[in-house]
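Welcome, and please get your viewer ready for a short walk through this model. We will select a few residues at each stop and look at what is there.

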Amino acid sequence: MTSLNGPKDAPGLPEKVPASAADYEKLRYTQQLDAWLEEWKQQAASDAARIALEASRADARTARDAARADADRAAEVASLKSVQDAYVAVTQSSLDRALTRVNVVTASITAVTTIYTGLLALVYAAKSGEGRVLTGVAIIPALFLGLALFLVTVYAAMFKRTMSAGTLLPTGIGGQVAEIRLITFMRWCFAGVLARSWALHAGIVSLGIGVATLPVPFVQMPGGLQVTILLAGLVLVAGTAGWTWRKNK
């Protein structure tokens with residue numbers, strides 16, 4: 001804390017002054033007192049100016065700190081808004097991306113099925129006595145390809161009947177309200193994507209098995225091996241569906 005500092009002590013009164021020198025001592029004391037008062041005024045003015053300068057500097061520092069805090073707060077709010085806008089934009093497109101995946105898988109199934117039917121037409125004959133006779137083993141790739149198309153259709157066409165209870169859009173300001181609101185919105189959007197993800201995953205596995213078993217009708221193999229391939233593929237598809245369902249439950 002700044003304080004005023006006066007000059008040295010005031011001049012004291014002369015003691016035991018002879019009568020003949022009283023006027024002189026009075027005049028000298030008056031001059032000393034006037035000089036001391038002038039020095040006191042100058043010191044007081046200097047201290048007042050110094051205090052005013054320090055106060056002005058303190059006010060400037062306070063204003064500068066406040067402006068810096070406001071700028072930092074505004075930058076943080078802008079950064080938070082940018083991040084949340086990016087999350088919201090990505091989350092909003094989650095359903096569109098899910099349907100895009102479905103279209104890709106469906107197009108793949110269609111392409112593989114076209115190739116498979118073309119190979120069957122080249123190798124096997126539709127009429128007796130022309131080419132090789134089509135056997136039941138040809139149903140294995142077709143079964144898995146059809147199952148893949150069915151599962152992908154289930155994923156894209158069926159809707160969730162209920163949604164979890166709770167506040168869809170929490171209100172308030174400060175703290176973690178903005179983060180809670182964003183997480184709630186993301187969960188609501190992703191719920192439709194994850195509700196039947198088991199069907200999409202199982203459909204992709206079924207498509208893979210269908211592609212892997214395409215050579216089965218064109219090679220010779222024991223009937224027991226054919227049944228084993230069929231059962232193993234069905235178990236793998238069902239296991240994938242069950243594992244994904246439990247994971248997202």
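Which residue forms a salt bridge with arginine 50, the closest N and O atoms being 3.9 Å apart? Select glutamate 54: that is the partner of arginine 50 at this distance.

Before going further, a word on the ground rules. This is a predicted model, in which local features need pLDDT of at least 70 and side-chain atom pairs count only at pLDDT 80 or more, while totals for chains, interfaces and linings use all residues. Residues are numbered from 1 along each chain as its sequence is written, and side-chain values use heavy atoms, with hydrogens and water left out.

**Stop one: the salt bridges**

Stay with arginine 50 and glutamate 54. They are four residues apart in helix H1, so about one helical turn separates them. Helices here are DSSP runs (H or I, at least four residues), with strands being E runs of at least two, and the numbering starts from the N terminus. A salt bridge means a side-chain nitrogen of Lys or Arg within 4 Å of a carboxyl oxygen of Asp or Glu.

The structure holds two salt bridges, and shared partners join Asp47, Arg50 and Glu54 into one network.

Aspartate 47 is buried at 3% relative accessibility, whereas arginine 50 is partly exposed at 32% and glutamate 54 is partly exposed at 34%. Buried stands for under 20% relative accessible area, exposed for over 50%, and partly exposed for values in between (1.4 Å probe, protein chains only).

Patch members have over 30% relative accessible area and no salt bridge; like charges are joined within 9 Å, and nonpolar side chains (Val, Leu, Ile, Met, Phe, Trp, Tyr) within 5 Å. Centre on arginine 64, found in helix H1 (residues 22-92) and partly exposed at 42%.

**Stop three: a nonpolar patch**

Select Ile139, Leu143, Val227, Leu231 and Leu234. Together they form a nonpolar surface patch with about 420 Å² of accessible area, computed by the Shrake-Rupley method with a 1.4 Å probe, where for residues only the protein chains shown count as cover. H3 and helix H6 (223-247) each give two or more residues to this patch, and H6 gives the most, with three. Leucine 143 sits in helix H3 and is partly exposed at 36%.

**Last stop: a loop residue**

Finish at leucine 214, in the loop between H5 and H6. Leucine 214 is buried, with a relative accessible area of 15%.
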